[in-house]
Amino acid sequence: RVADTMLPYRVIERISQTRDTVTLRLEPTHIAAQHFRAGQFMMLYRHGVGEIAISISGDPADGVLEHTIRAVGAVSRALHDTPVGDVIGVRGPFGRGWEPESAAGRDLVIIGGGVGLAPLRPVVLAALARRDDYRRLVLITGARTPANILFRRDQEHWAGTGSIELHQSVDHPAPGWTGHVGFVTEPLARLSVTPWRTTAF
C-alpha cells in the first residue's frame, strides 16, 4: 500500500506560528502529491531521530502538504527545526478523515483549542471554499495566551471577510486583550444554536 511507504518530501516553506510552533509546507521530491481528507494525519520521519504522527493542517484542494508542529519532544523538535530545502520522510495519509460536505445546508460550528486547531484548519478552509453550501459558519478558538494563538493571520483574515463568526478565548490575557478569558468551550454558552440543523467539529 502507498500509505505504508516512506516517501521523501522537501520543506519548501517554514511559517512561524508561535514561539514553539511552526507550519511546514512540503512537496514530494519525485512523485505526485498524496491526496488526503480533512482530519487525516501523516507519519513524519526525521532521519536519525525518529517518526511521529502529525495531523494535516493544510487545504485538501492544495497540492502542498502542510503540517503544524509544536516542539514538545525530540522528534517534534527535530521536525520543527527542519530548514527549508531539507527532506523528511512522509507516510500516509492515515485515519478515516472527516466530510465537511456532509454538513451542507446546515449551520457549522468548529471548536479548537491550542494546537488542536491544526487538524480543524482544513475543515475551515473547505467550508470557506464552498461558503454558499452552509448556513451559519462559526469558529471558536482558544489559546493559553494571546501570543499562543495559532493561525493568527488566518483567523483575522477569515473574520475580516465576514464569511465566518469568530470567537477567540485565552486562558491568561495580556495587556490590550479585549476578548474572552476562559476555556475554549465557554463561548458556546453565549451562542444561540439550533441543534437539529447544526454540525459541530
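A nonpolar core is defined here as a set of buried Ala, Val, Leu, Ile, Met, Phe, Trp, Tyr and Cys residues joined through side-chain atoms within 4.5 Å, where buried denotes a relative accessible area under 20%, exposed over 50% and partly exposed the range in between (1.4 Å probe, protein chains only). The structure is a predicted model, in which local features require pLDDT of at least 70 and side-chain atom pairs count only at pLDDT 80 or more, whereas totals for chains, interfaces and linings use all residues. Residues are numbered from 1 along each chain as its sequence is written, and side-chain values use heavy atoms, with hydrogens and water left out.

The largest nonpolar core comprises 19 residues, of which Leu 108, Ile 110 and Leu 139 touch the most other members. At least two residues of this core are supplied by each of strand E7 (107–113), helix H2 (121–129) and strand E8 (137–143); helices (H or I, at least four residues) and strands (E, at least two) are DSSP runs numbered from the N terminus. Helix H2 provides the largest share of the core, 4 residues. Apart from this core lies another, of 17 residues, including Val 22, Phe 36, Leu 44 and Leu 79. In soluble globular proteins, nonpolar side chains tend to be buried together. With contact taken as heavy atoms within 4.5 Å, and with neighbours within four places in sequence left aside, Leu 139 is in contact with Ile 110, Leu 117, Val 124, Trp 158, Ile 164, Glu 165, Leu 166 and His 167.

Thr 18 belongs to strand E1 (residues 7–18) and is buried because its relative accessible area is 7%. Its side chain makes a polar contact of 3.1 Å with the side chain of Asp 20, and another of 3.1 Å joins the side chains of Thr 18 and Thr 21. A polar contact is a pair of N or O atoms within 3.5 Å; within protein, one must be able to donate a hydrogen and the other to accept it, and residues adjacent in sequence count only if both atoms are side-chain atoms. Beyond its neighbours within four places in sequence, Thr 18 is in contact with Ala 147, Asn 148, Ile 149 and Leu 150.

Arg 70 is located in strand E5 (residues 65–70) and is buried, since its relative accessible area is 16%. The side chain of Arg 70 makes a polar contact of 3.1 Å with that of Thr 21. Arg 70 also meets Asp 20 in a salt bridge (3.7 Å, N to O), a salt bridge being a side-chain nitrogen of Lys or Arg within 4 Å of a carboxyl oxygen of Asp or Glu. This pair links distant parts of the chain, with Asp 20 in the loop between E1 and strand E2 (21–28), 50 residues from Arg 70. Asp 20 is likewise buried, at a relative accessible area of 9%. When residues up to four places away in sequence are not counted, Arg 70 touches Asp 20, Thr 21, Ser 76, Val 115 and Arg 144.

By the same rule, the count comes to 14 salt bridges. Side chains of opposite charge can pair when their charged atoms come close. Arg 46 is buried at 17% relative accessible area, whereas Asp 86 is partly exposed at 29%. In the salt bridge between Arg 130 and Asp 133, the closest N and O atoms are 2.9 Å apart; Arg 130 is exposed, with a relative accessible area of 52%, and Asp 133 is partly exposed, with 29%. Salt bridges that share partners join Glu 13, Arg 25, Asp 62, Glu 66, Arg 121 and Asp 154 into one network.

A search of the whole structure finds 2 aromatic pairs, in which rings of Phe, Tyr and Trp (its six-membered ring) have centres within 6.5 Å, planes under 30 degrees apart counting as stacked, over 60 as edge-to-face and the rest as tilted. The rings of Phe 41 and Phe 94 are tilted because their planes lie at 35 degrees, with centres 5.7 Å apart.
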